[in-house]
Amino acid sequence: MKDFYNILEIPRDASPEDIKKAYRKKALAFHPDRNPGDPKAEAKFKEVSEAYEVLSDENKRRVYDQYGEEGVKGFGAGGPGGPGPGGFSSMEEALRTFMGAFGGGMGGGGESIFDSFFGGGGFEGGAPAGARKGASKKTTLKITFEEAMSGCEKEIAMTSLVECSACDGRGAKSKNGIQTCATCQGKGQVFQSRGFFSMSSTCPTCHGEGQIIVNPCPECQGEGRVKTKKKVKIKIPAGVDTGMRLKMSGHGDAGEAGGPPGDLFVYIEVEAHEGFHREGDDISVDLPLTFTEAALGCKKEIPTPLGEMCKLVIPDGTQAGKVFRIKGKGFPNVHGQGTGDLLAIIFIETPVKLTEKQKDLLREFEKLETPQNHPKKKGFLDRIKVFFSKS
């Protein structure tokens, strides 16, 4: 009589997880794809698959423990009619057990059995059959320049699929309204074997769920989810800029068949400001000066987007285009890496609509001007003279 415990090298009180772990280790070692053309490995693969088929089933294991190998033949271990003299009657049955123990052989991308089990990563269970993450959602949120600078909290209304409260997301009116799919035996996939290779596909009966709802919930019509409008509060950190994306985990649609909910992605759009311009974490503003203010110097107060006033001393002889930097009065860095500056860019406004008296005074001032009053003008004329002299 075969000792299935000895074949898998496990104690008789081994837990279901220990049984599965031992089988996976041996099945991978003796799999035909790893041992092409080796009849001994093929026989061993069938043997460990037969042992697992019996010991992984609670009822079969109980009968085997009491009556031995002969007792479980009535259960059809290894397929209808029970195993033959050499264990499983065909490699197809052994491979079917193998695929079931690993949760299915072919992934959604159609990778081969080598990719799934021997090429990288393997498969260690996870979500239940048919479980899918809920759909993620995205929205664009417009905020003002000032809100982007200081941070804010916004509330948006959105329509999402949420877990049905009437059935707690089961989709059935009661727990008894859900039955294991008879086609795939709850695995969500059906298997086909061709020689040493196995292929899996989504079960056509339960569509990968592994279960059939025979008494659907009247509220969600068996979907387990219902559409509802809800409000979501979004905390906008200070320093955000147009094009940045915030991720709100778990605020998308509810998952299917026990899967996790999707996420909400919020794309930020900051409205332009009439007076201020953003350059990274710095803020720039054009500061107009009159001719006399620029020539004689003056004191100015510059507002920030948050309404705070900053004092600035303009020295005499300030030229157009001069940039004055006020430290720490720009945007806070969204990642917490300091604060930008406020840049005051000088431009000199030429007076218009002059009176005759003003014009006369300017003519008198012009007579008093010397080349030293306009060094840039003098330098420009000197460069022009040099250019023409070379010509």
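Two strands count as paired if DSSP finds at least two bridges between them. Helices (H or I, at least four residues) and strands (E, at least two) are DSSP runs numbered from the N terminus. This is a predicted model, in which local features need pLDDT of at least 70 and side-chain atom pairs count only at pLDDT 80 or more, while totals for chains, interfaces and linings use all residues. Residues are numbered from 1 along each chain as its sequence is written, and side-chain values use heavy atoms, with hydrogens and water left out.

- An open sheet of 4 strands runs in the order 10-11-15-14, with mixed pairing.
- Its edge strands, each pairing on one side only, are strand 10 (276–279) and strand 14 (323–326).
- Strand 14 pairs with strand 15 (residues 342–349) in the antiparallel sense over 4 bridges, and I326 stands opposite L342 in strand 15.

**Salt bridges**
- The whole structure holds 24 salt bridges (a side-chain nitrogen of Lys or Arg within 4 Å of a carboxyl oxygen of Asp or Glu).
- K26 bridges to E9, with the closest N and O atoms 3.4 Å apart; K26 is in helix 2 (residues 16–30), and E9 is in the loop between helix 1 (4–8) and helix 2.
- K26 is buried at 15% relative accessible area, whereas E9 is exposed at 62% (buried means under 20%, exposed over 50%, partly exposed in between, with a 1.4 Å probe and protein chains only).
- K133 and D263 form a salt bridge at 3.3 Å between the closest N and O atoms, linking loops 130 residues apart.
- K133 is partly exposed at 48%, and D263 is buried at 7%.
- D282, R325, K327 and D341 are linked in a salt-bridge network.
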